[in-house]
Amino acid sequence: MIMEGLKEVAMHEVGHTLGLRHNFVASKMYSLEEMGELDEDEATLASVMDYAPPHIAGPGKKQGKFYTQTIGKYDVWAITYGYKPLSGGTDGEKKELAKIASRSTEHGLAFSTDEDTTSMSPDPDSNRFDFGKDAIEFATNQAAVVKEAMDGLADRVVEDGDDYSRVRQAFNSLLNTHGQAMYFASRYIGGVHVNRTHKGQEDAKAPFEVVDAEKQRAAMKLVSEQVFSDEPFQFSPELYNKLAPSHWNHWGTSFSVRGDFPIHDTISQWQSTILSRLFSSITLERMHDAELKVPADQDAFTTAEMFGTLTDSIFSELDSMDDGEYSNRSPAISSLRRNLQRDYLQRLSTLAMGNGFAPQDCQTIAYAELIDLQEKLEEALDKEVEFDAYTRAHLLESSRRIKKVLDAELTLSRP
Ligand SMILES: [Zn+2]
């Protein structure tokens with residue numbers, strides 16, 4: 001696997017010396033299924049100029065090459081453009097070059113480079129370290145890979161006689177793998193595909209295409225199940241107690257001041273990363289604009305729908321706490337979910353109070369969402385259920401806090 005990775009990196013760097021730039025959509029050439037059917041000597045990427053993670057087929061699937069082992073279709077095309085000896089003088093050369101370039105709409109010849117791949121960039125297909133045509137398929141597969149790898153982790157990664165620091169390293173690495181893949185999928189939400197097409201090209205798409213509404217909903221469902229739910233983060237106390245830090249302090253290592261593992265912080269950091277993306281003013285502005293970029297008679301994923309879906313997903317317990325035996329050790333709302341709900345509430349409140357650059361329409365939607373949520377919180381508190389102390393305190397505090405925000409928004413933030 002390491003030799004395959006080295007070969008890929010070597011091809012990539014030689015590509016740079018020949019003048020090629022990064023191409024971060026090259027990993028989108030095939031679906032994961034198509035990749036499994038390629039011959040061993042076929043390229044898995046359209047270009048070696050992408051950053052690709054190792055391709056791990058996942059539980060029960062046929063493992064091919066971990067890294068692409070030869071140059072791809074885009075590489076051959078780009079080098080042909082730059083290096084093919086052409087005849088016919090300047091005019092003939094120009095004509096020949098235009099002919100080569102006109103193939104850019106063909107499958108596998110898409111191009112998207114560094115400046116197209118920033119946190120502000122609209123195209124969810126342009127990523128460093130993603131893989132496969134569909135980000136939801138990739139994230140679902142990565143989640144399965146991580147789940148399988150977490151099983152018996154401490155037994156597998158440490159040899160007798162060694163300390164436990166490799167468990168912590170591997171655990172963090174697996175959580176990153178999971179979180180990063182979910183982040184890529186979340187980029188469909190409010191995403192806009194970018195095509196570098198020129199007028200008059202065959203099969204040319206428009207320069208911009210709003211991501212299909214159903215695709216955005218599928219991404220919402222995925223992050224709801226794999227990031228906002230506490231289900232994927234159920235690890236055994238035995239594992240937590242083996243997440244020992246390394247005592248080796250040197251450049252390239254991260255030294256743990258706290259020592260024991262900060263589990264709540266680590267998990268909420270991943271949830272927060274996704275929420276930050278969904279709440280960022282650029283995402284909200286783009287989604288709001290997209291409502292005009294999709295023809296009026298067609299389905300579009302709106303900011304109003306997103307906030308409604310988020311509240312339902314993040315506060316789903318409010319609909320299911322009618323009966324049950326709760327205690328501080330077995331609370332109605334888990335500690336991971338309480339943290340997530342606080343984070344969400346804080347963001348919704350900031351938005352409702354008009355702090356930030358989000359569209360005004362999103363501010364008013366957030367305001368209305370808070371009113372509905374407070375009603376539901378009060379209803380939950382009125383239930384004939386004996387809550388654990390944590391859940392009761394959380395519901396009370398959340399409800400009172402919303403009330404303050406609603407009052408403040410009307411009296412303080414704007415004339
Ligand atoms: Zn590079």
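Where does His-55 lie? In this predicted model, His-55 is found in the loop between helix 2 and helix 3, and with a relative accessibility of 8% the residue counts as buried, because buried means under 20%. Although His-55 and Gly-5 are 50 residues apart along the chain, their C-alpha atoms are separated by 11 Å. The loop between helix 2 (32-36) and helix 3 (73-83) also holds Lys-62, but Lys-62 has a relative accessibility of 59% and therefore counts as exposed, the cut-off for that class being over 50%. From Lys-62 to Ala-218 there are 156 residues in sequence, and the C-alpha atoms of these two residues are 26 Å apart in space.

Together with Ile-2 and Leu-6, Met-3 forms a nonpolar patch on the surface, and the accessible area of the three residues taken together is about 380 Å².

The arrangement of two helices was also examined. Helix 8 (residues 213-228) and helix 10 (residues 263-279) have axes that come within 10 Å of each other and cross at roughly 155°. Because an angle over 145 degrees counts as roughly antiparallel, helix 8 and helix 10 are described as roughly antiparallel to each other. The crossing in which helix 8 passes helix 10 is left-handed.

Salt bridges were then considered, and a search of the whole structure finds 25 of them. One of these joins the side chains of Lys-28 and Asp-130, with an N to O distance of 3.4 Å. This pair links distant parts of the chain, since Lys-28 is placed in the loop between helix 1 and helix 2, whereas Asp-130 is placed in the loop between helix 4 (89-101) and helix 5 (135-150), 102 residues apart. Both partners, Lys-28 and Asp-130, are buried.

A salt bridge is also formed by Glu-305 and Arg-217, whose closest N and O atoms are 2.6 Å apart. Glu-305 belongs to helix 12 (residues 303-314) and Arg-217 to helix 8, so that this pair ties together parts that are 88 residues apart in sequence. The relative accessibility of Glu-305 is 26%, and this residue therefore counts as partly exposed; Arg-217, at 22% relative accessibility, also counts as partly exposed.

A further salt bridge brings together the side chains of Arg-400 and Glu-378, at 3.1 Å from N to O. Because Arg-400 lies in helix 15 (residues 389-413) and Glu-378 in helix 14 (residues 360-382), the pair ties together parts that are 22 residues apart in sequence. Arg-400 has a relative accessible area of 46% and is partly exposed, and Glu-378, with a relative accessible area of 28%, is likewise partly exposed. Elsewhere, salt bridges that share partners join Arg-21, Asp-114, Glu-115 and Arg-128 into one network.

Note on methods
Residues numbered from 1 in each chain as written. Predicted model: local features only at pLDDT ≥ 70, side-chain atom pairs only at ≥ 80, totals over all residues. Heavy atoms only, no water. Patch = residues over 30% accessible without salt bridge, like charges linked within 9 Å, V, L, I, M, F, W, Y side chains within 5 Å. Areas by Shrake-Rupley, 256 points an atom, 1.4 Å probe, with all protein chains shown as cover. Salt bridge = Lys/Arg side-chain N within 4 Å of Asp/Glu carboxyl O. Axes fitted to C-alpha atoms, helices over the stretch in contact; angles between N-to-C directions. Helix = DSSP H or I, 4+ residues; strand = E, 2+ residues; numbered from the N terminus. Parallel < 35°, antiparallel > 145°, perpendicular 65-115°, else oblique. Left-handed = near helix turned anticlockwise from the far one by under 90°. Buried < 20%, exposed > 50% of the residue type's maximum accessible area, 1.4 Å probe, protein only.
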